[in-house]
Every structure is written in C-alpha cells, then in structure tokens.
Amino acid sequence: MSDKQEPSSKGTAANITDQERDWAQQALAEYEKKNYKSCLEHLQRIEDSRPNDPKVLLNKAIVEFYENGLCTADKFQKSFIDVCKQVELNLERLDSLEDVENCIYYYNYAVFLYHLKHYTKALAMINKVYSFIESLEESLAHKVCLLIVQLHIDTNKPAEALKLITYIESQFVSTDNATNILTGSADQGGPIHTETEKTEKKANLDAATDAFRVSLIQYRVRCLMELNLFDECSQQLNTIKDKQDSTTMFLIGKLEYLRGNHKEALEILKGIPVKDDFLETGESSSVLINNNVACLYHYAKKPTLSFTSIYKAIVQHQKNIFDVTKPNQAEGSLSGQPLHIISASIKTELMFNLGISLLHARKPEEAFDCLIEAVQTYHMNPRLWLRLAECCIMTHKKSNDRDFDFKKPYIEGVVGSGKHRKIILKSQLFPDTKYSCEAVSASIPMPSLEFGSLCVRNAVLLLQNETIDCSPSHTPINTLDKDYLFGCIQSAGAYIALCLGDPVVALKYSQELLKSDKINKVHKFLGHLYAAEALILSDKPNEAIDMLKESNAFDDIEPEIHEQLKIEQWKPDKQKSAKAVLYYNLAVALTLRGDLDKAGELLKQIWLSKIEHVSVPVHVVILALYIHLRLGQKEIAITLIKQNCPQAKR
C-alpha cells in the first residue's frame, strides 16, 4: 500500500520483554530498508514469543504483502480480515470501532479500499477513524488527514474537503497546540531523552510537518480549481512555488490551462522533469505530460496533434502496466498486479481523451470505440453519452457541406434523343449509404442511429439529477453549462428521431427544447426547424407553417453562430444562410398545403440571397423545378435545368 503502516512493537502493551522490544526495533529497521525477508524473520521470532498478538499478525501480513510486490491482494485481504476477527472487529460495522487502538485496522482497510477505487465505502470508514484524530499518533494522524481529504475529492466533494483542510491546518500545522501534539512536549509522561535526541527528533518532526503542510496546500489548490476559484489558487501556489516539485508544477500548469493561457501552460509542462518511478508511486510523469499536452493541442484546435500526443500517453501507460504485472499464480481476481497500480491505472481517462480528440478529428467510428470503453466507468456522465450520440450522428452524416454544394449533379440520366429526349432527375439528392432499413437493436454498442437514440435518452435522464457527474473531467457544470448541454442533447435527440423516421419522438424533443427560455438562439432555431419537419412528416403542414413563422431566425443569432463556429465548423454559417434554410422549409410546407405561388415567391428570395454569396441549400433547385412544372411553366423549368445541370446541355 502506498500509505504504509510501519510494523509496530506495541502489540499488547503489557509484559513486553526487552528481547521482544529489540526484535521489534530490528524488524522496523529492516522494513524501512525494504529488506522484507529479514523483517519477516524478526517478526516470526516475535510471533513465536507472542502467538496471539493481533498487532504482530497485522504487521506480518503487511510485510508479506510487500515481500510479494503487493501482487497478492486477495491473500492479504483474507489475512487482514482474519486478524480483525481475532480482535472481534467487524469491518462492515463501523459502530464496532470504539477503541483508538483499533483505528489502525480500519485505516489500513480504508487504504486497501481506496486502491480498489471503492471511494464511497473507504470514505465512510476513514470518517470513523477521523473521529479519533486527536488521540492518534502523529504519523498516523497525518496519513488519516491526507486520505480523508483525497477521498472527499475523489467523491466530488471539494467544498467539504476545503473545510477539512482548514480544520486540519489549525490543529496540526499552524498552532502551538499542534507543535505540542507532534513533539510530545505537553503534559505527557515518557522516557527521558538527551538534548541531542530532542534536537534530532524536533528536526525530523519539522521536516515531516513541512511536507504535510505542502501536501495540504496542494490539496487545497485542487479543491479551489474544481470550484473555479482561480485567484485563490494563485495565492496558495505562491506560498509553495519555491518547492518546485513536480506536483506543484503540474498544478501551476493546470491553473494556466484553466485560465485559457495555453502557451504558458505548455511552457510549464516542458519544464517538468520526466521521472520513471511508476512501480514505486503508480504515476508516470511522461504519461501525465503527454496527456496534458494533448489537452492543450485540443483547445488549440489541432486534433491530429492532440490524438498523436494522447496515443503516446496510452502506449506508455500500457507498457508501464505490463512491466509491473506479474503472472497470476495466486488465486483471486485481484492477484497479479500491485495494489497501488490498480488504483493508478488511468487507461479509462486516457481513452476518454482519445475519443474526444478523434471525434474532433472527424473520425467518429474510432472515437466511438474509445468512448464506449470510457462509458463503462463513467456511465453517470451525461456529456459522455452526448458525445457517443454525436459519434453516431457523424457516422451517419459527416457534415452539412454537401447540402450547400451546387456542383452536385441533379440528373440521374438522359434517355432518348431529339424531341424524344427525356431527363431523369434523381429521386434523392443524397442517398443515405450508411443507413440500413433493416431492424437494428438499440442495445448493441455500435455507431448507429438506433444506439445514438439510446445514448440521448440516457443523457436526458442523467441531466435531470440535482448534481451532475462530469467525471473524468471534474469540471463543475454551472447553470449556463447545464442549459447549453440541455440544448445540445435535445437537438441531437430530435435530429436522430427524424433520421429514424420517428416524428412523434422528434416533436417531443423539439417541444422540450422550445419550452426553455434559457437555451441560446441557435438551439431554439434548430428546435423550430426540427419541430416543423416532424409536423410535416405527421401530415400537419398548417401547424408546421405556424411553427416556422414563429422561429427566431429573424432575430440576431449571428453572435451565437460565431460561438458555435469556434467549436465546430458547420452550416448554416451566417444569419442570412440560416434564414435561407428557414425559407426553404417554409416553402416546402406551403407547397404541401398547395400554396405554390407563395412558395415560389419564397424561393425567389432565397435565390437572390445566393447571388449575394450566401450559402443556400441545393434542394431549392429541385423544389423550384417541381413548383414551375406544377404551375405549367415548362419553359422556366427547362431554363432552370440548363442553368444548374450541365448534363442537360449535351
């Protein structure tokens, strides 16, 4: 375990002989030197002398665990529970902890659960130990404090963690009372020490207290970052800048990243020394640096470089895991990999980042494979389900560019010659080659529209929760973010439903979107378009016309469009282009109602805007042909074909 409990000579305090105390001191010395085999020999002598001492059995189990490279977690867990039964402790019943002497058992098991990522259960256990904090010895008290703060952060409780840090600092770092507790200089009995011994002890305690203080400040900065209190982060980091350890430098770099100072963050990352101590700490600086650089490239809109950097991090991380994993010779699902490596595995987080990079690099199928692996761990994140739905949408249709490209041919073919020459127009301008009409189960994880509809439903349900889980990003979702996320999810759901030919569901998503007054104008514009199309598919053209007339496309949505373009290039890319799309949809609805003259007038307005270099949908030409033919304007229809269909001139 990373938070080690040193072998103790205390055991049952009564009747400890000088020989047993000597063996215990020798065992402790060998343990600190990592000579675990020799340490076990000394512990065995103590066990032979004191066969029923639970503290000896606990220390022996821990040292054996280290002797096996922390790779026999199942065996250690069984031994640990057996020791607890001997002292009549039930780890499942926290109220059974009444004696401070038994805190060490609960602390060690909380560390064990922490490394298995059972954070909620570990937090409940360490909270019980924390209630005895003032009675614990100094080294154990420090470890309990750091673990309880870490668990509050892991369970997304940064505000509560901050309160804990403030109390811990007041009790163990910054007061005279803390000095007395740590040095034992209060009214406490004990052996008499020489001045030299006191000086050495005080120096060691000062160093330990200073390291503890720095750790608390680093934890405070992490909490403040999650609460977006960046100015306070700077103040705290200024107090430990002189330390210049890798953790502090990573925090400084992250602060610059969160503030949008990406160049400064990149310079800080380049200055962090690369250490390969994965076996000891479970962390690899090269993996962390590559991951962070990938995030910076992502926000610099360089998805290919981002993908390359995060892929390097994944390869290095997998190599690190492989190098420290031993063949599973012992029984149990936890055996084979060091315990602290189990908790240190960040493959899921890396796959999440890789999936986002691939999605922005317009590789939806590859992105889907990465994100579907991440969702197995972070299934409570609505934003992640939305990203999966976007992968399904992009697989179905890469972009809207083709809908505005007038170079695409409209003619399927030409038959006959002379006055018998016939032009065959395409029944569909853009046939959906990636969508099959065959029944596909929505429960099968694949980048299909059916699975995308399931992803949207999951995202909608999760967004209704009072607290939104955004792991692994840990960035809190404020009200504005939630409103924007709501608009994205509802519009994606409406689009998928329309593509699947389900106007009832599409109308439901669109109406939910339009009910909100807090969504931006672009999402509301899409809501009107999707609702109108759903009404048309439901054979309700009059209601569709009313819906389109109510649209806010006539309002100033240019700022919102520009904000969208910063994230992703898409069309319509201007307000006039958005109006052209709206007019086209309105013309379709009028045509279905039989108002051909009004529809024709709208198409003329759209065509005039095309002359002004505004992007308009290519479907306008086909609709214009249909209207002119229905009105008996044959010559105009022929002219329109010759102007827009080069094949007709042959």
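**Cavity first, then rings**

Me: How do the residues of the lining of the second largest cavity divide into nonpolar, polar and charged?
Reply: Quick caveat: this is a predicted model, where local features need pLDDT of at least 70, side-chain atom pairs count only at pLDDT 80 or more, and totals for chains, interfaces and linings use all residues. Numbering runs from 1 along each chain as its sequence is written, and side-chain values use heavy atoms, with hydrogens and water left out. Ala, Val, Leu, Ile, Met, Phe, Trp, Tyr, Cys and Pro count as nonpolar, Asp, Glu, Lys and Arg as charged, and the others, Gly among them, as polar. On that basis the lining of the second largest cavity splits into three nonpolar, three polar and two charged residues.

Me: Which helices each supply at least two residues of that lining?
Reply: A cavity here is a set of points on a 1 Å grid over the protein atoms alone where a 1.4 Å probe fits but cannot get out, and lining residues have an atom within 4 Å of a point. The lining includes Ala 61, Glu 64, Lys 75 and Ser 79. Helices are DSSP runs (H or I, at least four residues), numbered from the N terminus. The two suppliers are α3 (54-67) and α4.

Me: How are the rings of Phe 80 and Tyr 109 arranged: stacked or edge-to-face?
Reply: Rings of Phe, Tyr and Trp (its six-membered ring) pair if their centres lie within 6.5 Å; planes under 30 degrees apart count as stacked, over 60 as edge-to-face and the rest as tilted. By this rule there are 13 aromatic pairs. For Phe 80 and Tyr 109, at 5.6 Å centre to centre and 15° between the planes, the label is stacked.

Me: How far apart in sequence are the parts that this pair, Phe 80 and Tyr 109, ties together?
Reply: Phe 80 belongs to helix α4 (residues 73-86) and Tyr 109 to helix α5 (residues 103-115), so the parts tied together are apart in sequence by 29 residues.
Along with Phe 65, Phe 76 and Phe 112, they form one aromatic cluster.

Me: What kind of pair do Phe 368 and Phe 451 make?
Reply: Both Phe 368 and Phe 451 are buried. Their ring centres are 5.6 Å apart and the planes are at 80°, so the pair is edge-to-face.

Note on methods. Buried < 20%, exposed > 50% of the residue type's maximum accessible area, 1.4 Å probe, protein only. 1 Å grid on protein atoms, 1.4 Å probe; cavity = no way out; pocket = protein on both sides within 12 Å on 5 of 7 lines; lining within 4 Å.
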